[in-house]
Amino acid sequence: MLEFVQHVINGLSLGSIYALVAIGYTMVFGILRLINFAHGEVYMLGAFAGFYVVRWMGFAQNPSLAALLITLVAAMAFCAAAGFCIERLAYKPLRGAPTINVLITAVGVSLFLQYTGQLVFGSDPQFFPPVYQPQAAWEWGELKVNPIQVAILIISTVLMGILQFVLFRTRVGRAMRAVQFNHDLARLMGISTDKIISYTFMFGSALAGAAGVLVGLAYPKIDPLMGVLPGLKSFAAAVLGGIGNVTGAFLGAILLGLAEEFLAAYWSPTYRDALAFAILILILLIKPTGLLGKKQTEKV
Amino acid sequence: MASFTMRSMLSVFLVAALLTPGCRKKETENVIKVGEIGSMTGAEATFGLSTHEGVKLAMDEANAAGGINGKKIEVISIDDQGKPEEAAIAMTKLITQNKVVAVIGEVASSRSLAIAPIAQQYKVPMISPSSTNPKVTQIGNYIFRVCFIDPFQGTVMARFALDTLKVKKLAIFRDVKNDYSVGLADFFKETLLAGGGQVVADQSYSAGDMDFKSQLTAIRTAEPEAVFIPGYYTDVGLIVRQARELGLTVPLLGGDGWDSPKLTEIGGAAMDGTYFSNHYSEEDKSPQVVSFIEKYKKAYGIVPNGISALGYDAAMVLIDALKRTKSSSQEDLRNAIAETKNFVGIGGKITMDENRNPVKPAVVIKVQDGKFRYTATVEPK
């Protein structure tokens, strides 16, 4: 029983990190119908931005919750800027071009960031210094809960709450939903679609940046290629939840995190990625639009 | 204008074409070209870079001492980014374009297995500094290595667990994507079972995973007295950290893939009380080790790790063989390497056996307070 609870906690904290990345995929897809493959690399940039902030500010010597929050905000700001630049330089010139062109550009941006990262940061893994170091684990007999896992869960939930607020309670959020619904109609209503698209990239990238820092905190090994697999899994999570739907992305990511954890624990860790993706395929066979995806009628 | 540019370009080409063969010929007369393939970027960059530093140190020394019979050695190093397919391209390029006489590489067994068939096909001797998987030298009679092999390394750690740590119930945690790790785990298991030990859990992971807690939780449930984790330092740091977080306080054991300063940097205090088998210890007081460390420090400002020592050994064995080779035929060079006997290397005396594997001892290192402490030497039987 205790082992089961332990696995649930592990799975939730893994899933909440996927969720932060998955939301960026789903937001961009909702608005542009574009799978932004460079998103996993934004997450990597977030981890490295956090790494350098911790170093420069000397947080490693006196870790605290405040230091973690400052690092988080700095990395999110950096990633928002990075997301803005990526959209402006790589995707905006291709607005109106066939989707496949933009998709290939996205793959190109992703590879560009991976290899530039190796050049700038070095290809050897770096140790992410402990920016927040709570006292020893909370223990209930055999059950050990790392406070960092709980912190990750809380921080990502709060961030997603903020996102929900922005999307449904502010003018920018309403404009985003309008653009998602229909670009041309939104423009007719006086919404600057380009601006809203930029905002979308910035929000999504900031969340990925936060995920990067949280990963650095929990698994203190970061390297320029770290975004590849989590990026792919988060994308899968977004599809699982119904791509374009923010709540769905969250749900899909948590589900994927738990599925991975349980498959590794009770079945075979060797095939955990394969099994996790097999579950994904199964769900999509039964419900092709994903868990919360709405059926879209093709306009002819 | 256009035709003028064309003409000037043409003349440049012609002049270059006239000059190049002359230069080339002169160069090849006084230079022996040796190839080196390593992962100098990518996830295992430390391996490639450390090897390169060791190789370069040996070659510079040989050149400063007058080279081989008056000829200088030129090392052509190619980075394979840690990818087997890139390594294969590099090997083909070194042999067909650069016309090297021998190749030093690769560190990782998975990549050595990719390049060895090419070296064998062109009959160019290849010396792997640190690929410990037995299959590597089985590919052909032109493939050598200067490190011990996995059966020996697995045996060393199993014997160490049984005899020195006095434990019988062990768990194994292997990297299933990695030939090296799987091989080590299998040989460890074999020796352990033969010695009266017991494997209570055999879990696996894939290199590059971040979260190992589910497998480690399962290992913890089996209550082993020690865990054998034959992985690379890139993953082991995180694994050990998470193992300690979950309250797995028993000794953790590993192989030479642990040998990197990054290990303790990533693993931190969690690494205390772990052991791994290695090719040499910097605390070894034999004269060749002391002088090697001194030279290495002077050249690079750091203490060499086991991988650098093996890079140095591989280069020294090749230099020694080149000196003994009278003709310039590939076959003579191969025979000279095969005849290497009692060559004093940094990792102990090297004698090539009939399978082109050296017979040499291993050391067991203990990690304590972020330092690698010499614990024991295990001689081959």
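Let's start with chain B, where seven strands build an open sheet of mixed pairing in the order β7-β6-β8-β9-β10-β13-β14. Here a strand is a DSSP run of E of at least two residues and a helix a run of H or I of at least four, both numbered from the N terminus, and two strands pair if DSSP finds at least two bridges between them. The model is predicted, with local features needing pLDDT of at least 70 and side-chain atom pairs counting only at pLDDT 80 or more, while totals for chains, interfaces and linings use all residues. Residues are numbered from 1 along each chain as its sequence is written, and chains are lettered from A and ligands numbered from 1 in the order in which they are written.

**The seven-stranded sheet of chain B**

- The edges of this sheet are β7 (198–205) and β14 (371–378) of chain B, each of which pairs on one side only.
- Neighbouring strands are turned by 25° against each other on average, direction ignored; axes are lines fitted to C-alpha atoms, for helices over the stretch in contact, and angles run from 0 to 180 degrees between N-to-C directions.
- Within the sheet, β9 (252–254) and β10 (274–278) of chain B are joined in the parallel sense by three bridges, and B:Leu253 has B:Tyr275 of β10(B) as its bridge partner.
- Helix α6 (150–164) of chain B lies across β6 (169–175), β8 (226–228), β9, β10, β13 (362–368) and β14 of chain B, and runs at about 60° to β13(B).
- Helix α7 (179–194) of chain B lies across β6, β7 and β8 of chain B, at about 165° to β6(B).

**The five-stranded sheet of chain B**

- A second open sheet has five strands in the order β2-β1-β3-β4-β5 of chain B, with parallel pairing.
- Its edge strands are β2 and β5 (143–145) of chain B, each pairing on one side only, and the twist averages 25° from one strand to the next.
- Strand β1 (31–38) of chain B is mostly covered, with six of its eight residues buried; a residue is buried if 20 or more other C-beta atoms lie within 10 Å of its own, exposed if 12 or fewer, and partly exposed in between, with C-beta atoms placed from the backbone.
- On one pairing, β1(B) meets β2 (72–79) of chain B in the parallel sense over eight bridges; B:Val31 stands opposite B:Lys72, and B:Gly38 has B:Asp79 as its bridge partner.
- Three bridges also join β1(B) to the parallel strand β3 (102–104) of chain B, where B:Ala102 is the bridge partner of B:Val34.
- A right-handed β-α-β unit is made by β1(B), α2(B) and β2(B); right-handed says that, with the strands pointing away from the viewer, the path from the first strand over the helix to the second runs clockwise.

**Two domains in chain B**

- The domain assignment gives domain 1 (31–148 + 286–350) and domain 2 (151–278 + 364–378) of chain B, with bounds that come from an automatic or database domain assignment.
- Their C-alpha centres lie 28 Å apart.
- The contact takes 15 residues from domain 1 and 14 residues from domain 2 of chain B; two residues are in contact if their C-beta atoms, placed from the backbone, lie within 7 Å.
- On the domain 1 side, α4 (109–122) and α12 (306–324) of chain B each supply at least two residues, and α4(B) gives the most, with three residues.

**Where chain B meets chain A**

- In this interface, 27 residues of chain B are in contact with 25 residues of chain A.
- On the chain B side, the elements giving two or more residues are α2 (45–64), β7, α8 (213–221), α9 (233–245) and α10 (261–267), and α8(B) gives the most, with six residues.
- The chain B side divides into nine nonpolar, 13 polar and five charged residues; Ala, Val, Leu, Ile, Met, Phe, Trp, Tyr, Cys and Pro count as nonpolar, Asp, Glu, Lys and Arg as charged, and the others, Gly among them, as polar.

**A residue to look at: B:Thr340**

- B:Thr340 lies in the loop between α13 (330–338) and β11 (343–345) of chain B.
- B:Thr340 counts as buried because 22 other C-beta atoms lie within 10 Å.
- Not counting residues up to four places away in sequence, B:Thr340 touches B:Val317, B:Asp320, B:Ala321, B:Ile350, B:Thr351 and B:Met352.
- The C-alpha atoms of B:Thr340 and B:Leu318 are separated by 9.5 Å, and the two residues are 22 residues apart along the chain.
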